[in-house]
Amino acid sequence: MNTESIALRQRIIDACREMERSGLNRGTSGNVSCRDGDYCLITPSGLPVAQMRPETIVAMDFSGTVRGGGKPSSEWHFHLDLLKHRPELNAIVHTHSPHATALACLREDLPAFHYMIAIAGGDSVRCAPYALFGTEALSANAVTAMKDRKACLLANHGLIAAGRDLDEAMAVALEIESLCQQYLLARQTGKPAILSVAQMQAVIERFRSYGRNANAIPADQTHQ
């Protein structure tokens, strides 16, 4: 492993720790991957975060072959497939965060009830149809739901968030979890008003006017 690869592996571990601290994950649920040249680096299967070290992060080529040993996360299929189909993405975060998972268990999309939905790249966060975890069927559903998006829900399962790097993927995951919480709260007292396609397009254009990618605006910087 070269110095850059070791640093990237450590960043994956740090992201897993951040997910635990923020409540996005508990125990060994969830997983993280990053593109590393011609390889995908992914968290190992069933290993608690406290026991992860750079050498325990698993390297796979894009044919799905493990390089250097280790057992990858059971969800390696959608990590590899998303990185293969979306060259602009370099990091994938999968969580079982409580509010995103609650909405996923309703098998509903997250609609544009709030303008920050645009952080995921469009006017909704789609919910992929249910498929057994760790399968190619789940991966195919996720790739379809993620078309032109940086996040999707997985029915009766959880959330996928992605970005050009781990910082962006984590920001998207945290924002979508927060939005799912707000949406479920709003539904307890009424029917949330949904922004139109035109209104959401205006939001996306406004995001671009700040000189950043419309899908990567941190929630605390949208008014600056």
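This is a predicted model: local features need pLDDT of at least 70, side-chain atom pairs count only at pLDDT 80 or more; totals for chains, interfaces and linings use all residues.

Residues are numbered from 1 along each chain as its sequence is written, and side-chain values use heavy atoms, with hydrogens and water left out.

Here are the helix pairs. Helices are DSSP runs (H or I, at least four residues) and strands are E runs of at least two, numbered from the N terminus. Axes are lines fitted to C-alpha atoms over the stretch in contact, with angles from 0 to 180 degrees between N-to-C directions.

| Pair | Angle | Axis distance |
|---|---|---|
| α3 (98-105) and α5 (166-189) | about 60 degrees | 7 Å |
| α1 and α5 | about 15 degrees | 11 Å |
| α2 (76-85) and α4 (136-145) | roughly 40 degrees | within 8 Å |

Start with α3 and α5, whose crossing is left-handed (the near helix is turned anticlockwise from the far one by less than a right angle; clockwise would be right-handed). On the α3 side, P98, H99, A100, A102 and L103 make the contact, and α5 answers with E177, C180, Q181, Y183, L184 and R187; contact means heavy atoms within 4.5 Å. That contact has 7 nonpolar, 2 polar and 2 charged residues. For these classes, Ala, Val, Leu, Ile, Met, Phe, Trp, Tyr, Cys and Pro are nonpolar, Asp, Glu, Lys and Arg are charged, and the others, Gly among them, are polar.

Now α1 against α5: at about 15 degrees, α1 is therefore roughly parallel to α5. The crossing is right-handed.

The crossing of α2 and α4 is right-handed. In α2, H77, F78, D81, L82 and H85 meet E136, L138, S139, A142 and V143 of α4.

On to the pocket. The largest pocket holds about 310 Å³, a volume being the space filled by probe spheres set on grid points joined across faces, edges and corners. A pocket is an open set of points on a 1 Å grid over the protein atoms alone, where a 1.4 Å probe fits, with protein on both sides within 12 Å along at least five of seven lines; lining residues have an atom within 4 Å of a point. Of the 24 lining residues, T28, S29, G30, N31 and S73 are the closest to the centre of the largest pocket. α1 gives the most to this lining, with 3 residues. The lining divides into 8 nonpolar, 14 polar and 2 charged residues.

Key: Angles under 35 degrees count as roughly parallel, over 145 as roughly antiparallel, 65 to 115 as roughly perpendicular and the rest as oblique.
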